[in-house]
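Here are a few friendly notes to read alongside the model.

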Amino acid sequence: MPWLEAAAPVRMERIVLVAPDESLRDVLVQVADSGSVEIDQLARGADFAGLSARLLRAAGRQYQTPALSAAAPDPAELDRAGRYDLLAGEAQLEAHAAAAVQRSGTAGLAGRGPAGTLPGGAGRNAPLGG
């Protein structure tokens, strides 16, 4: 059977990612690793240029295929090492974190993901407080 005939739409569900401020980056990395959640782009984070984005621009680099490291890296060290893929990933995380709604030490972001796969994501994020 040709792949086009085997393709079928997947129902999406709205989700909310909630995490303590101090573990928001770790939760976002877990979500990115799952590859199944699309976080809404909010107007307040769209123009945000954190340190990683500023370093990319100063180096004259376009966002290339972003990559993430499990541990939070030092953006200046990534710039010195020429790891623009990791800088691009950190720039995206910084923009999402800037767009998060923050209340009482907790950050929240809205998004969507395939129906039926989300409970597994909640289980992976629970040890991080997400």
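**Notes on the fold and its salt bridges**

1. Buried residues make up 33% of the 130 residues in this protein. Please keep in mind that the model is predicted. The accessible surface amounts to about 7800 Å², and carbon and sulfur atoms account for 55% of that surface.

2. On the overall layout, the protein has 7 helices and 4 strands. Read from the N terminus, the elements follow the order α-β-α-β-α-α-α-α-β-β-α. Among contacts with a separation of 6 or more, 74% are between residues 24 or more positions apart.

3. How many salt bridges does a search of the whole structure find? There are 6. One of them pairs the side chains of Arg14 and Asp40, at 2.6 Å from N to O. This pair links distant parts of the chain, 26 residues apart: Arg14 sits in strand 1 (residues 12–20), and Asp40 lies in the loop between strand 2 (38–39) and helix 3 (43–46). Asp40 is buried, at 16% relative accessible area.

4. Helix 5 (residues 75–81) holds both Arg80 and Glu77, which are 3 residues apart and so separated by about one helical turn. Their side chains form a salt bridge of 3.0 Å, N to O. Arg80 is exposed at 59% relative accessibility, while Glu77 is partly exposed at 41%.

5. Do look at Arg83 and Asp85 too: their salt bridge brings the closest N and O atoms to 2.8 Å. Arg83 is partly exposed, with 36% relative accessibility, whereas Asp85 is buried at 18%. Elsewhere, salt bridges with shared partners join Arg14, Asp40 and Arg112 into one network.

Methods. Residues numbered from 1 in each chain as written. Predicted model: local features only at pLDDT ≥ 70, side-chain atom pairs only at ≥ 80, totals over all residues. Heavy atoms only, no water. Helix = DSSP H or I, 4+ residues; strand = E, 2+ residues; numbered from the N terminus. Buried < 20%, exposed > 50% of the residue type's maximum accessible area, 1.4 Å probe, protein only. Contact = heavy atoms within 4.5 Å. Areas by Shrake-Rupley, 256 points an atom, 1.4 Å probe, with all protein chains shown as cover. Salt bridge = Lys/Arg side-chain N within 4 Å of Asp/Glu carboxyl O.
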